[in-house]
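This report concerns a predicted model.

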Amino acid sequence: MSDDAGGSAAAEAGLKGHDTAVASFEEETGSGLRHIQRILHEFPTVVPLVVLLAGVVIFAFAAGSRFYAPFNLSLVLQQVTIIATLGLAQTIVILTAGIDLSVGAIMILSSIVMGRFAVVYGVPIGIAFPLGLLTGIICGLINGLLVAVVKLPPFIVTLGTWSVYAALVIFVSHSETVRSQDIEAIAPFLQFTGRIIKVGGGAVLTYGAILMIVIAVALWYVLNRTPFGRHVYATGDDPEAARLAGINTRNTLIAVYTIAGFICALAGWVTIGRIGAASPLAGQDANLDAITAVVIGGTSLFGGRGSILGTLFGALIVGVFRNGLALAGLDSLWQEFTVGILIIVAVTIDQWIRKISA
Amino acid sequence: MRLNFAKAAIAGVMFAGLFAGTSAYAAGPIVGLITKTEGNPFFVKMREGAQAQADKLGLTLKTYAGKFDGDNDSQVAAIEDLISAGAKGFAIVPSDSSAIVPTIAKARAAGLLVIDLDTPTDPITAVDATFATDNRKAGNLIGAWAKGTLGDKAATAKIAFLDLATNQPTVDYLRDQGFMAGFGIDVKDPNKYGDETDPRICGHEMTGGAEDGGRTAMETLLQKCPDVNVMYTINEPAAAGGYEALKAAGKDDGSVLVVSIDGGCPGVKNVAAGIIGATSQQYPLKMAAMAMEAIAAFAKDGTKPTVPAAGFIDTGATLITDKPVAGVNSITSAEGLKICWG
């Protein structure tokens, strides 16, 4: 025993002049950049918020008083309502490290079902409207089952269902638009989301925008204040660890895709409100625009990190830049150009923030 | 895995059901029809017109469509498919006027008759014949009508242009520039919009030829020029979307003149309702039927259609309005409704 102690003392003596600490965590260096990185890691929504505010300030100078008039700013909100609503659906899917490429197609299919059944087939609105919502729920459920039960990659599943749902849009609509005036006469409830409330100062709010905010608040509550919400984040962060922790990742995934389908159907209702009609031509770019909003909003495509509020900011950023550039008199190709730059910047910042956990 | 098998079985049954619904193959010569998308009623009507004519002439029609407007790859694959199937010829609405040309050359070298419909190829001589609406003339008609309707006020008009896409496909600039010429605007380069300096132009925004694009585009232009009093639109869905923007701004009282091009049934109904002031109607059914006749004649004895000096065979465009203007020929919306498509 004493021999051992003596030997160990000798060994200690040999270590003289070396760092005697066994193991320790690296202390925060306190450098400014690293500090910012830490803040961003904790509050990822700060980046899109700063970009949004910067955009508003820049265009207030570049595009003049027309831009920051209350009416114009509320117009931007109206213009992004559809994309933001779809973006909310996309956010919860991406949080699980998945992707849903069929959101745009589900939205249009639901709007066509609502419009066509109510106006062309004369089904009472009390049945046609829930039927449209049910369409979205079923589409989402199919995605969820294929991802969680058949265990196919979400990208492949929704690439396939995107085509299937888009084909059903043509099948159900007969490629015909249900005119705004016919919907107004027969099923005005479908245009409810397009009705406006004057807020004051010239600003107007649509019921569609209010619906979007209600969905966002509900999703925020579910994701941040319920066990299910934590399961969604955990499933996206590390599905194996989540499973070992006792989370039923299969049911979580099915629920997420189904909820996304339901939100897409609501987005379909918002679409009818905005364009008046139920048109198979609408929403061609909605899919990618929604993913763009999610990415610019700071939600990581690798899952597990991101926020509902970020997506709303992301959609607003795209809307503000498009509107501002147009009012500043720039050609529409520069609007595309700018949105592309925004995506790359957003992903670069995301990668930089991720390094903190590496 | 058992689950997968069950799913595959269900899918198989569904596909069998779908194919059972299509008509049985006839023995006649094979002809093709390739359109831009299945989502647009214009192309759906075109397909119906081609099918009816093909049945009458004893041809076996194979139809193809791209996944979206601008989808060149699907059209290339369709042409390759038709060549290997031994088709006698086909009619195509090119999604990309230039990119499709080398593949069309391959088909013609293989002995197929190629008819272009609606959107001319670039160059127009890349095909055996083109049956199309004279889109510049169609634009011209609505331009002249708008000018005549405004009278003296045309000199101080403010015009919003709701165009198709940033890359300005042929149909896009032909209609836009046709309208400008008809209205009396110096178009500068007649094959490109955006280079004009006329102060009456508020701006050009892209709609994608759909309602949602039309609404956003018009909202933006109304913000830019609140005094807009003419709205030019690439097609009727864009016009319907733009009108929603006018309605939201309280400008649906007739203070803004709306003009469009297409002549689809929803569009003509909108003329009757006073939403669209005037539209130029085109005839997709006729285009497709004429193409089938040309290919049938070629399959029989090798005769090719003769192309007039203009470079293409004009299938006609008629102005539809309920407020006719002196010097511009037009028909009423009631007459237009009888011959509308979609």
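In this predicted model, the contact is formed by 32 residues from chain B and 31 residues from chain A. On the side of chain B that touches chain A, the elements giving two or more residues are α1 (2–21), α2 (41–57), β7 (201–206), α7 (211–224), α8 (236–248) and α9 (265–272) of chain B. Of these, α7(B) gives the most, with eight residues. By residue class, the side of chain B that touches chain A divides into eleven nonpolar, twelve polar and nine charged residues.

Chain B also holds an open sheet of six strands, which pair in the parallel sense and follow the order β2-β1-β3-β4-β5-β11. Because β2 (60–65) and β11 (313–314) of chain B each have a single partner strand, they stand at the edges, and one side of each is left without a neighbour in the sheet. Strand β1 (residues 30–35) of chain B pairs with strand β3 (residues 89–92) of chain B over four bridges, in the parallel sense, and B:Gly32 stands opposite B:Phe90 in β3(B).

| Helix | Strands of chain B touched | Direction |
|---|---|---|
| α2(B) | β1, β2, β3 and β4 (113–117) | about 170° with β1(B) |

Conventions:
Residues numbered from 1 in each chain as written. Chains lettered and ligands numbered in written order. Predicted model: local features only at pLDDT ≥ 70, side-chain atom pairs only at ≥ 80, totals over all residues. Contact = placed C-beta atoms within 7 Å. Nonpolar A, V, L, I, M, F, W, Y, C, P; charged D, E, K, R; others polar. Pairing = 2+ DSSP bridges. Axes fitted to C-alpha atoms, helices over the stretch in contact; angles between N-to-C directions.
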